[in-house]
Amino acid sequence: MKYLDEFRDPKVARRILSEIRSLVTRPWVIMEICGGQTHSIIKNGIDQLLPKEVELVHGPGCPVCVTPLELIDRALAIAARPNVIFTSFGDMLRVPGSHKDLFMARSEGADVRTVYSPLEALKLAREHPEKEVVFFAVGFETTAPGNAMAVFQAKKEGLKNFSLLVSHVLVPPAMEALLGSPQNRVQAYLAAGHVCTVMGWEEYEPIAEKFHVPIVPTGFEPVDILEGILQVLKQLESGEAKVENQYLRAVKREGNPTARKILSEVFEITDRKWRGIGEIPKSGYRLREAYAAHDAEKKFAVGDLETEESELCKSGIILQGLLKPNQCPAFGAECTPQTPLGATMVSSEGACAAYYKYQRLTEKD
Amino acid sequence: MCLAIPGKVTKVFEENGLKMGNVDFSGTLTKVCLEYVPEIRVGDYTVVHAGFAISIIDEEEAMKSFEAWQQVIEASEREGLDIYGNPLPKKEAE
């Protein structure tokens, strides 16, 4: 397949690995932010192919995993209303709230539907004027433009029965929060490639400078990830710390200006709570006042709901790169994809799900 | 959500006032919104995320990567090194 096979070429991958081996002189900790990259790394065994000095830690870049429990409970409360069609990407249906998940709500009679695109939710709103159609708008900067477009269109068309339950999170503030933590071990980042297709990499330059960490926006295929690691290591070994783009075929410095324009039209920046991490200042989007009529939290008045987080689940420290999934005592025991304790085991981008799926049961050393 | 593979645009059309298109992912045709890639044309490759094309694959940049790798591999083979950077046994060297 064009633009895919070349980036999976074992010959190229081995050549990059040999360069990495000849370059590394001491231990380094590199975090890949994006859950999609975590899956690619574990699936392809990249973590095990690297020299033992290079440790990859998995970041908080799974939007489903970091959606706070309160939002899941609010989603459940809205979905339980008799006149509501609640729509979401499939991953969200199985994320446990305080007492149940959206899948269970559906089995109890709630009209919960999986959509592939927010435009499908908008279509439902056009087709069912007698119902309230709510879309659970989760995701990073990559998903946000689509959700912004859906609400922009709803307003333009005068569709009053369409709203978003917004839980958008932004990557750079989280990267900065992790680097500023006293427990931080991260010395360099592979930045999330598709977030950068939208936002570019200007936002990363002050972070690289302030914390003196190399940051390399990276693609998702094995060669992309290895090349990203090589670029990061070259900088680490020479004491450099700048933003360098590996994912040249998809990412430009300014990102996608058309998408960025509509993002700033529809959303404004707000503080957001991340599941397992806590509140990070200026790390999320909320709808601007002009779109308040399409804000599900306001429309359904689901503010103060009490939440109960599982005490067994260690996903919070896993998301901060402080624990590997297979080091959690509940991993594969109390917590499996069939009986997940936390979102990191549910989501197709979750680090725990990656370790479980690809049978990464023991540490390489 | 992020493991988007590149797909090829096979058709461009308008729906509810939005630029839409059919994108072929190795035989699977999907309808996607093309509003964020206004300059896209039939035959272009694109990265699609949750129903929206967010980036056009830059063919020139992709080719630069392939060429750079090819040069490194060829250079190391000329030096008698295999793809791991180890010396090639003479009779196995092509």
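Helices H9 and H11 of chain A, in this predicted model, are roughly parallel to each other, because angles under 35 degrees count as roughly parallel, over 145 as roughly antiparallel, 65 to 115 as roughly perpendicular and the rest as oblique. Two packed helices are described by the angle between their axes and the distance between the axes. Here the axes of H9(A), residues 171-180, and H11(A), residues 204-211, cross at roughly 5 degrees and come within 10 Å. Axes are lines fitted to C-alpha atoms, for helices over the stretch in contact, and the angles run from 0 to 180 degrees between N-to-C directions. Helices (H or I, at least four residues) and strands (E, at least two) are DSSP runs, numbered from the N terminus.

On the H9(A) side stand Val171(A), Pro172(A), Met175(A), Glu176(A), Leu179(A) and Gly180(A). They meet Tyr204(A), Ile207(A), Lys210(A) and Phe211(A) in H11(A). Seven of these residues are nonpolar, one is polar and two are charged. In this grouping, Ala, Val, Leu, Ile, Met, Phe, Trp, Tyr, Cys and Pro count as nonpolar, Asp, Glu, Lys and Arg as charged, and the others, Gly among them, as polar.

H9(A) is largely enclosed by the rest of the structure, because seven of its ten residues are buried. Buried means under 20% relative accessible area, exposed means over 50%, and partly exposed lies in between (1.4 Å probe, protein chains only). The buried residues of H9(A) are Val171(A), Pro172(A), Pro173(A), Ala174(A), Met175(A), Leu178(A) and Leu179(A).

His212(A) is found between H11 and strand E8 (215-218) of chain A. Its phi is positive, about 50 degrees, although His212(A) is not a glycine. Ala301(A) is not a glycine either, and has a positive phi of about 45 degrees. Ala301(A) lies in the loop between helix H14 (296-299) and helix H15 (315-319) of chain A. Ala301(A) is exposed, with a relative accessible area of 67%.

Two further positions in chain A were examined. Phe220(A) sits in the loop between E8 and helix H12 (222-238). Phe220(A) is buried at a relative accessible area of 4%. From Phe220(A) to Tyr291(A) there are 71 residues in sequence and 35 Å in space, C-alpha to C-alpha. Glu120(A) belongs to helix H7 (residues 118-127). With 35% relative accessibility, Glu120(A) counts as partly exposed. Glu120(A) and Ala150(A) are 30 residues apart along the chain, and their C-alpha atoms are separated by 9.1 Å.

A search of the whole structure finds one disulfide over all chains. A disulfide is a pair of cysteine sulfur atoms within 2.5 Å. The bond joins Cys62(A) to Cys65(A), with an S to S distance of 2.5 Å. The torsion about this S-S bond is about 75 degrees, so the disulfide is right-handed. Both partners are buried: Cys62(A) has a relative accessible area of 3%, and Cys65(A) has 2% relative accessibility. Cys335(A), in contrast, is in no disulfide. The nearest cysteine sulfur to that of Cys335(A) belongs to Cys313(A), 6.0 Å away. Cys335(A) is buried, at a relative accessible area of 8%. In chain B, Cys33(B) is buried too, with a relative accessible area of 1%.

Chain B has one helix and five strands. Along the sequence, the pattern reads β-β-β-β-β-α. Of the 94 residues in chain B, 43% are buried. Among contacts in chain B with a separation of 6 or more, 21% come from residues 24 or more positions apart.

The two chains also meet each other. Chain A gives 49 residues to the contact and chain B gives 42 residues. Together they bury about 4100 Å², with 67% of it on carbon and sulfur atoms. Buried area is the accessible area (1.4 Å probe) that two parts lose on being put together, summed over both. In chain A, Tyr3(A), Arg15(A) and Tyr116(A) lose the most area to chain B, together 17% of what that side buries.

Residues are numbered from 1 along each chain as its sequence is written, while chains are lettered from A and ligands numbered from 1 in the order in which they are written. Local features of this predicted model need pLDDT of at least 70, side-chain atom pairs count only at pLDDT 80 or more, totals for chains, interfaces and linings use all residues, and side-chain values use heavy atoms, with hydrogens and water left out.

Note on methods. Contact means heavy atoms within 4.5 Å.
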